[in-house]
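Q: Got a structure open here. Can we go through some contacts and strands?
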Amino acid sequence: MAIVKFPALGRGAVRLRKIPACLIVLAGATGLPARSAQAQEIMPYDFTVLPAGTTLAMGYYVYGHNTDYRTAGGPTLRNSGLEVQAGIARLVHYGEIGGIRGGVQVFQIFGSFQDVRIGGQPIAGTFGAQNVTLSAFFWPYINVESQTAIIVLGFLNPPTGSYDRFAALNFGDNRIRGTVQVGLQQGFGEQLGLDLAYDAQIYGENDRAFPGTGLLTQTPTHRVQAWLNWRWNPSFSTSIGYTGIWGGVQSLNGFRTGAVTETQRIRVHSGYFIDPTLQIGLELNHDLHSVGGFRQDFGAILRVLKVF
């Protein structure tokens, strides 16, 4: 087991030089294993303009089978793994103010990281809740004739999630996060459609990072998403998508941990309306490339949507 020789964090703190390298890598990587369970991750038709007064209630089940941990600028650590199981509760309400369409939404993600190991070294799993996500959005441009809609969204994540500063892996991250996202929905006739999105996320500092008193910082992350959608009939649709994420270099007390956020993911989705107010959707995904964290070999997201 490799030992890293970093200076002490401060009086009474555990010295990093005594901590296995696999734990240093995970010291602030709270959210990295759960890249498939984020509020900014869009599904097909998420940017559809719905009538003011409409409310959506959604529940998600998220599963991820992860292998191979690759550090930034370092080796790929074989015999690594992580099993992610998470649930998401999401509520969206649509409205209109001064002729501008928009709305508000809230997400709560909870779940577990289990069977965790890096380079053959086991890491204690965890169960808990991520930071709550508060969000507002509006459409600055809607053209019904050309089937074009542009949306702007803001997300705020206060540090409400489960967090233990002496644990190498947490579901919460003891810091505030904020995200701005811009999206485009474009239709082409009755069946073909395109969803595009870009977002940038900024991170506050975590002043209680593992092993208890570390200062974790992270550079902004950037993400692009695309879905090509085909509506076979009013009830059933299929889609193929792509997500690319980069940035998010993490440092602990000024030293890079090897954790970043660099992922390229392929996604497929199908959605079916059981009736006009109830939809079931299933996504399957796979990481083509991942650096600075685990590579997700297989992921699945099941969503149930109810319109009120």
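Q: Is aspartate 297 buried, partly exposed or exposed?
A: This is a predicted model. In it, aspartate 297 counts as partly exposed, because its relative accessibility is 25% and buried means under 20%.

Q: What does the aspartate 297 side chain meet in a salt bridge?
A: Arginine 295, at 2.6 Å, N to O. Arginine 295 is partly exposed too, with a relative accessible area of 24%.

Q: Which residues do salt bridges with shared partners join into one network?
A: Glu41, Asp199, Arg223, Arg267 and Glu283.

Q: How many salt bridges in the whole structure?
A: A search finds 13.

Q: What about arginine 265, which residue is its salt bridge with?
A: Aspartate 287, with the closest N and O atoms 2.6 Å apart. Arginine 265 sits in β16 (residues 262-275) and aspartate 287 in β17 (residues 278-291), so the pair ties together parts 22 residues apart in sequence.

Q: Is that pair, arginine 265 and aspartate 287, buried or exposed?
A: Both are buried.

Q: And arginine 175, what does its side chain meet?
A: Aspartate 173, in a salt bridge of 3.1 Å, N to O. Arginine 175 and aspartate 173 are both buried.

Q: Switching to sheets. What is the strand order in the open sheet of four?
A: β10-β11-β14-β15, with antiparallel pairing.

Q: Which strands stand at the edges?
A: β10 (206-209) and β15 (255-256). Each has a single partner strand, so one side of each is left without a neighbour in the sheet.

Q: How many bridges pair β14 and β15?
A: Two, in the antiparallel sense; β14 covers residues 250-252. Serine 251 stands opposite arginine 256 in β15.

Key:
Residues are numbered from 1 along each chain as its sequence is written. This is a predicted model: local features need pLDDT of at least 70, side-chain atom pairs count only at pLDDT 80 or more; totals for chains, interfaces and linings use all residues. Side-chain values use heavy atoms; hydrogens and water are left out. Two strands pair if DSSP finds at least two bridges between them. A salt bridge is a side-chain nitrogen of Lys or Arg within 4 Å of a carboxyl oxygen of Asp or Glu. Buried means under 20% relative accessible area, exposed over 50%, partly exposed in between (1.4 Å probe, protein chains only).
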